[in-house]
Amino acid sequence: MPIRRLAALALVLLSPVPAFAQSQPCGAELPRGSWIGGSEAASDLATAPAPTDRPASIPANGYDVTLFTLSAPADVRLEAAGRDGIDPLIELYDATGALVLFDDDSGGRFDARGEIALETGRYCLATRSYDDRAGQADLRIGLAAHPALTPGSGGSNILACTSETAATALGAAAIDQLPDGSAVAFHSVAQVPYYRFTLQSRTPLVIRATNPRADPYIYLYDAQGQLIDENDDHNSLNSRLDFPEGLPAGSYCIGMRALSDASQPVQVSVAAMSSQVAQQTLFSSAEASPPADGSAYPVTQLGPLETRLSRDASVAGDAIWHAFTMDAAGRVTIDATGFGSSDPIVYLFGGGTLIAQNDDANGTLDSQVSAWIGAGSYTVALMQYHGQPGTIRLEIRRER
């Protein structure tokens, strides 16, 4: 499940006690939360002798929000067990609005579970369902030493990632200091669900987890247990994370889950990107536009836009690029229409700068952008939201 939907929350948690207790503590995008113990004073996990359970009523396309506080640093466990086929997801935010934990199925049987070392402060746990259906879930919020609600399946629990004894070292030295700038391991997720590695300097990286029979899902955390990124099914059922602009020096941890068979061996690799590979990765992810002439990356030339240009393209994990020219300023509308299960995303660049992008326009999974642009050369990227192969029809119209 891509993390991009989390960016739209724009959560802002207010730090003064009265504002936090009386206003919407998790931002305007989420509903008002309830203290797990009934009040802030009774919701201190650091002094709780046992975990606290509460039922969560998850609305359609919405969140159930639970608040708790810590009067001292503590190792915390958060769990959500769905009822009647509900597949719960949990998102934990600190008092600055930063996402510090996200989990889907680490509780086992599609339940959510996360373990994390937290500092003193107030926290907000947002629970929703994977498919945005309304339903019920049982929450348990407590210390890691308390009895668990779910059996657990490992993988995304940050607490294990922040422990040097729980995570297996990947590489005999810092990745950027190894002779070929890469390290590879080959174990099942059941054997080794966590790997740690270090960097001595900012380094562009690519992280892969490969074996479709295991269907690996990977998470990357920093040394403080902050979730940096995650991926599932970048290419077929294999996972991949790209950091073409580089990760800073420091320690990192990879957490994994196997969505199919945890006994299957998974090849995990961390490799430094060359500047050329880093540039190609930016182009393939539509984070930057290649030259319109196709000299640095494949670009299909559509020619001058007079009234209408149209082309069907087969699109999978990487962006497919097209170029067109305008002889005078005017308004351009670009439609990306998917066939079958395709879910297109469209990007419009001019002069190397992103002008517009869109996913899911007009109440559909199809995409559309419209912009007033001047004379010159332009590039358009097409991608699939889910990364799976499919056909997308690109249509570019010039409004007269």
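**Exercise 1.** Determine whether Phe-349 is buried or exposed, and characterise its pairing with Trp-321.

*Solution.* Phe-349 has a relative accessible area of 3% and is therefore buried (buried means under 20% relative accessible area, exposed over 50%, partly exposed in between; 1.4 Å probe, protein chains only). Trp-321, at 1% relative accessibility, also counts as buried. This is a predicted model, in which local features need pLDDT of at least 70 and side-chain atom pairs count only at pLDDT 80 or more, while totals for chains, interfaces and linings use all residues. Residues are numbered from 1 along each chain as its sequence is written, and side-chain values use heavy atoms, with hydrogens and water left out.

Rings of Phe, Tyr and Trp (its six-membered ring) pair if their centres lie within 6.5 Å; planes under 30 degrees apart count as stacked, over 60 as edge-to-face and the rest as tilted. For Trp-321 and Phe-349, the centres are 5.4 Å apart and the planes form an angle of 55°, a tilted pair. Trp-321 belongs to strand E21 (residues 320-326) and Phe-349 to strand E23 (residues 344-350), so the pair ties together parts 28 residues apart in sequence (strands, E, are DSSP runs of at least two residues, numbered from the N terminus).

**Exercise 2.** Classify the ring pair of Tyr-219 and Tyr-221, and identify the cluster that contains both.

*Solution.* The ring centres of Tyr-219 and Tyr-221 are 6.3 Å apart with planes at 10°, so this pair is stacked. Tyr-219 is buried at 0% relative accessible area, and Tyr-221 is buried at 1%. Ring pairs join Tyr-217, Tyr-219 and Tyr-221 into a cluster.

Terms used
Helix = DSSP H or I, 4+ residues; strand = E, 2+ residues; numbered from the N terminus.
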